Amino acid sequence: FSPAVSVSNYFVDISGHAYASYINLLAKEGIVAWQWGKFYPDNYLRLYDLTKMVVDLYRLKVGYSLSGEQWLSLIGAFSGDDSLPSRYVATALHAWFLSHIAPLDFQRFVKSEDVIQFLSNVSYQFSGMSRVVELQHVDTITRWEVAKYLVMSFDVSPNGILPYESGAQMLQTPFMDIYGHPYQSAISTLAGLGIVT
């Protein structure tokens, strides 16, 4: 994918930006939303925003629609809080997407090493995502940089989200205690059929 590919412009503040196409591709898929018509590409990204973006991209890649709440945890991550943001965090925790990311302060700004770890954690869940993302620095990362790396890692194209190859091992149910278990695939298959919950 080349950043020169033309995609409809979704934000007034990215016109002429070198990586506008990456941002527009994520907007087209509903991964990033319109806030007063602006994306603020040079602002930093908070850990919660990255968590939501990655969970939504993963949901699209394994065949779910973002219009519903399929594959999201029914229970929030924080005691007594079953709001949608808390359920996104719980989903990422149960799927081990947040492993080795510290501190888990969802209001802090994301560093490039957080993005690398996050994408590595996702790639461990199935064989369909193997691209190694090379980030240029270890400082706090901007919103446009995150957009670029997510588009590259999840193979988002102007034609939409390309599905993972058939046969790729996918995490169908975010059981927190089966990652790496010899029967993880069998348990996930039963869960996907609704036999175990």
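Helices (H or I, at least four residues) and strands (E, at least two) are taken here as DSSP runs, numbered from the N terminus. On this assignment Gly63 belongs to the loop between H2 and H3. The structure is a predicted model, in which local features need pLDDT of at least 70 and side-chain atom pairs count only at pLDDT 80 or more, whereas totals for chains, interfaces and linings use all residues. Residues are numbered from 1 along each chain as its sequence is written, and side-chain values use heavy atoms, with hydrogens and water left out.

The protein chain contains 6 helices and 2 strands, and its elements follow the order α-α-α-α-α-β-β-α from the N terminus on. Of the 197 residues in the protein chain, 45% are buried, where buried denotes under 20% relative accessible area, exposed over 50%, and partly exposed the range in between (1.4 Å probe, protein chains only). Among contacts (heavy atoms within 4.5 Å) between residues of the protein chain at least 6 apart in sequence, 59% join residues at least 24 apart.

Two packed helices are described by the angle between their axes and the distance between the axes. The axes are lines fitted to C-alpha atoms, for helices over the stretch in contact, and the angles run from 0 to 180 degrees between N-to-C directions. For helix H2 (residues 47–61) and helix H3 (residues 84–94), the axes come within 9 Å and cross at roughly 70 degrees. H2 is therefore roughly perpendicular to H3, given that angles under 35 degrees count as roughly parallel, over 145 as roughly antiparallel, 65 to 115 as roughly perpendicular and the rest as oblique. The crossing of H2 past H3 is left-handed, a term applied if the near helix is turned anticlockwise from the far one by less than a right angle, with right-handed applied if clockwise. H2 contributes Tyr48, Thr51, Lys52, Val55, Asp56 and Arg59 to this contact, and H3 contributes Pro85, Tyr88, Val89, Thr91 and Ala92. The residues of the contact of H2 with H3 comprise 6 nonpolar, 2 polar and 3 charged, with Ala, Val, Leu, Ile, Met, Phe, Trp, Tyr, Cys and Pro counted as nonpolar, Asp, Glu, Lys and Arg as charged, and the others, Gly among them, as polar.

H2 also packs with H4, at an angle of about 25 degrees and with the axes 12 Å apart, which means that H2 is roughly parallel to H4. Here the crossing of H2 past H4 is right-handed. Leu47, Leu50, Thr51, Val54 and Tyr58 of H2 meet Val115, Phe118 and Val122 of H4, and the residues of this contact of H2 with H4 divide into 7 nonpolar, 1 polar and no charged.

Helix H5 (residues 143–153) is mostly covered, with 10 of its 11 residues buried. The buried residues of H5 include Trp144, Tyr149 and Leu150, and the buried set packs against helix H1 (20–28), H2, helix H4 (112–123) and strand S1 (156–157). After H5 comes Asp155, with a positive phi near 55 degrees.

Two loop residues were also examined. Gly63 counts as exposed because its relative accessibility is 62%, and the C-alpha atoms of Gly63 and Ile161, 98 residues apart along the chain, are separated by 9.5 Å. Trp36, in the loop between H1 and H2, is exposed with a relative accessible area of 74%, and Trp36 lies 9.2 Å from Val12, C-alpha to C-alpha, at a sequence separation of 24 residues.
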